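Here is a short report for a reader who is meeting this structure for the first time. It covers helix packing and salt bridges.

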Amino acid sequence: MQPRNMSMSGVVDLAAVKQAQEAKAKAEQARAEAARQGGTGAVSPADLVIDVDEAGFESDVLQRSTEVPVVIDFWAEWCEPCKQLSPVLERLAVEYNGRFLLAKIDVDANQMLMQQFGVQGIPAVFAVVAGQALPLFQGAAGEAQIRQTLDQLVQVGEERFGLTGLVVDPEAEPGAERPAAPERPAGPHDAALEAAVRALDAGDLGGAVQAYKNVLAEEPGNTEAKLGLAQAELLQRVQNADPQKVRQDAADKPGDAQAQIAAADLDLVGGHVEDAFGRLIDTVRVTAGDDRDAVRLRLLELFEVVGADDPRVTAARRALARALF
């Protein structure tokens, strides 16, 4: 089962996106209410660390990520650094008490998932939050760095997506069946957002773009529609591009704004986020006037695609400021 967000259409699943403080408050209220009700649907501490394979990825990772951030540990039995990192992640999963779920994926048995996430080496750690994949770190990181990364992940899950996390009951039976999450009440723009989902699934990028624009025409501040529009427009721009020609043009014309913009789009779609940002920031430095403004605006659009909370966006914003001023 392919993680849909790997093609950057996963954003259409982020129906729980709310304003930051409102979402965080609702997450906290939901956890408190669940605790008051005696831990209904609570999980055992043993259920905070799960083994995941390709067959169970949809239910164990994508679906669960709509209620709790899922941290993915790509590992293998022969990997010595994995033997150092995995026990730390497992211990922290229990310590964080339901704020995230740890999914362990054996790369030897799940080569397809390894390829779909673009894993170049192990250990490699990713997260899936509300259906959207985020790279966290690669290699045997120190515990202080891991804690900082997890704290940021939990904060994003609460403040941006309103994820409630899991209620943990030490008395709960491991592996007990959990009740289905209650359905979210339909919002005023759900039909249009669902139309965008259907259009993306059908490969109708133009239809998806129009569906998001329809939402924004009535609610300009709709975060889900803004993010969805940015991603759909990016996919639309590269849909008929000749990658070899685009990259050759960029190599031949390092100061050409449009050539670098086209190559940056391909970089981002290919998952090379830093390359896309760096390419455009370098182009800002060597251009002026309308060309420079066009590069700057495209870079801001790509920031929207990746998400303002991503640390790579934060770093690139600082680099852009230095390039401009």
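The angle between two helices is taken between their N-to-C directions and runs from 0 to 180 degrees, with axes fitted to C-alpha atoms over the stretch in contact. The model discussed here is predicted.

**Overall make-up**

The protein has 13 helices and five strands. It counts 325 residues, and 47% of them are buried. Among contacts between residues at least 6 apart in sequence, 72% join residues at least 24 apart.

**Two helix pairs**

Start with helix H11 (residues 273–286) and helix H13 (residues 311–324). They pack at an angle of about 10°, and their axes are 9 Å apart. Angles under 35 degrees count as roughly parallel. H11 and H13 are therefore roughly parallel to each other. On the H11 side, the contact is made by Val-273, Glu-274, Phe-277, Ile-281, Val-284 and Arg-285. H13 brings Arg-312, Val-313, Ala-316, Ala-319, Leu-320, Ala-323 and Leu-324. By class, the contact of H11 with H13 has 10 nonpolar, no polar and three charged residues.

Now take helix H7 (residues 205–218) and helix H8 (residues 223–238). Their packing angle is about 155°, with the axes 9 Å apart. Angles over 145 degrees count as roughly antiparallel, so H7 is roughly antiparallel to H8. H7 passes H8 in a left-handed crossing. Residues of H7 in the contact include Leu-205, Val-209, Tyr-212 and Leu-216. Among those they meet in H8 are Ala-225, Leu-229, Ala-232 and Leu-235. The contact of H7 with H8 divides into 10 nonpolar, three polar and four charged residues.

**Salt bridges**

How many salt bridges does the count come to? The count is 17.

| Salt bridge | N to O distance |
|---|---|
| Lys-104 with Asp-73 | 3.2 Å |
| Arg-99 with Glu-158 | 2.4 Å |
| Arg-247 with Asp-267 | 2.8 Å |

Take Lys-104 and Asp-73, which form a salt bridge. This pair links distant parts of the chain. Lys-104 lies in strand E3 (residues 101–106) and Asp-73 in strand E2 (residues 70–75), 31 residues apart. Lys-104 has 9% relative accessibility, so it counts as buried. Asp-73 is buried too, with a relative accessible area of 0%.

Next come Arg-99 and Glu-158, also joined by a salt bridge. Arg-99 sits in the loop between helix H3 (80–95) and E3, while Glu-158 sits in helix H5 (residues 143–161). The pair therefore ties together parts that are 59 residues apart in sequence. Arg-99, at 27% relative accessibility, counts as partly exposed. Glu-158 is buried, with a relative accessible area of 11%.

The side chains of Arg-247 and Asp-267 meet in a salt bridge as well. Arg-247 belongs to helix H9 (residues 243–252) and Asp-267 to helix H10 (residues 257–269), so the pair ties together parts 20 residues apart in sequence. Arg-247 counts as partly exposed at 35% relative accessibility. Asp-267 is buried, at a relative accessible area of 3%.

Which residues do salt bridges with shared partners join into one network? They are Arg-91, Glu-95, Glu-143 and Arg-147.

Methods: Residues are numbered from 1 along each chain as its sequence is written. This is a predicted model: local features need pLDDT of at least 70, side-chain atom pairs count only at pLDDT 80 or more; totals for chains, interfaces and linings use all residues. Side-chain values use heavy atoms; hydrogens and water are left out. Helices (H or I, at least four residues) and strands (E, at least two) are DSSP runs, numbered from the N terminus. Angles under 35 degrees count as roughly parallel, over 145 as roughly antiparallel, 65 to 115 as roughly perpendicular and the rest as oblique. A crossing is left-handed if the near helix is turned anticlockwise from the far one by less than a right angle, and right-handed if clockwise. Contact means heavy atoms within 4.5 Å. Ala, Val, Leu, Ile, Met, Phe, Trp, Tyr, Cys and Pro count as nonpolar, Asp, Glu, Lys and Arg as charged, and the others, Gly among them, as polar. A salt bridge is a side-chain nitrogen of Lys or Arg within 4 Å of a carboxyl oxygen of Asp or Glu. Buried means under 20% relative accessible area, exposed over 50%, partly exposed in between (1.4 Å probe, protein chains only).
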